[in-house]
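I'll jot things down as I look them up.

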Amino acid sequence: MNTFQLEAASREVAGKKATKAVRKEGLIPAILYGQAPVELPYKETLNPGEKIVEIENNRGILVTDLVVTNENVRSLIYTPNIYLVELTVKGSKTVKAIIKDIQFHPVTDAILHIDFLEVFADKPIIMAVPVILEGHAEGVKAGGKLNLEARKLRVRALYSQVPEKLVVNVEKLGLGKVIKVGDLSYPDLELVNAKNAVVCAVKLTRAARGQESASAATAS
């Protein structure tokens with residue numbers, strides 16, 4: 001997985017009013033969620049924009065309110081590729097992270113908010129990875145149409161083991177046949193989608209149905 005360098009600034013004032021003001025300046029509010037729980041009360045000094053949010057049993061996670069620019073994140077978001085983000089918070093820290101969630105405006109499709117999740121070398125993450133079909137399916141040769149039903153699959157793995165794409169070989173896929181998640185396996189990662197979910201299928205076309213009918217008529 002490739003690395004994307006991204007700069008951010010801490011956002012010391014949160015809330016709806018402050019968020020609207022940030023957007024009026026052409027910036028995008030964001031949050032970085034730390035993945036490692038800490039004991040409460042947290043006694044170390046926090047940097048600007050940082051806070052501890054309790055999760056359970058007197059434990060919390062470090063949350064950092066940020067702002068990023070449209071220009072900086074455009075190449076990160078509007079792409080079919082996936083990235084490990086090397087996120088640098090000015091005057092504070094640099095962490096490795098992935099995008100956890102993005103909110104878009106329902107009408108303009110403008111980016112409203114981004115959630116980042118800090119990742120660690122020894123802790124697995126779950127991430128959606130693009131699916132690429134490889135080969136010329138037998139069913140397509142027979143007149144069928146190959147459909148990609150799942151453009152991305154979710155995998156659980158260490159971030160160093162997450163591939164840029166999942167290659168699915170379809171050469172032996174016949175007419176009317178499908179490949180499901182449970183039919184696939186890859187080293188060093190686990191597919192977490194439902195095992196009966198269809199990844200791709202060769203569907204019968206009118207031409208293929210005509211050929212089948214003609215063959216049946218000839219055989220009889």
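I started with Asp65, which is buried at a relative accessible area of 6% (buried means under 20%, exposed over 50%, partly exposed in between, with a 1.4 Å probe and protein chains only). Caveat for myself: this is a predicted model, where local features need pLDDT of at least 70, side-chain atom pairs count only at pLDDT 80 or more, and totals for chains, interfaces and linings use all residues. Residues are numbered from 1 along each chain as its sequence is written, and side-chain values use heavy atoms, with hydrogens and water left out.

Next I asked what Asp65 pairs with: Lys51 forms a salt bridge with Asp65, closest N and O atoms 3.5 Å apart (a salt bridge is a side-chain nitrogen of Lys or Arg within 4 Å of a carboxyl oxygen of Asp or Glu). This pair links distant parts of the chain, with Lys51 in strand S4 (residues 50–56) and Asp65 in strand S5, 14 residues apart. Strands (E, at least two residues) and helices (H or I, at least four) are DSSP runs numbered from the N terminus. Lys51 is partly exposed at 35%. I also noted a salt-bridge network linking Arg11, Lys51 and Asp65.

Then I searched the whole structure and got 6 salt bridges. One of them joins Arg59 and Glu39 at 2.6 Å, N to O. Here Arg59 sits in strand S5 (residues 59–69) and Glu39 in strand S3 (residues 38–39), 20 residues apart. Arg59 is partly exposed at 28%.

Glu190 is partly exposed at 42%, and Arg156 is partly exposed at 34%.
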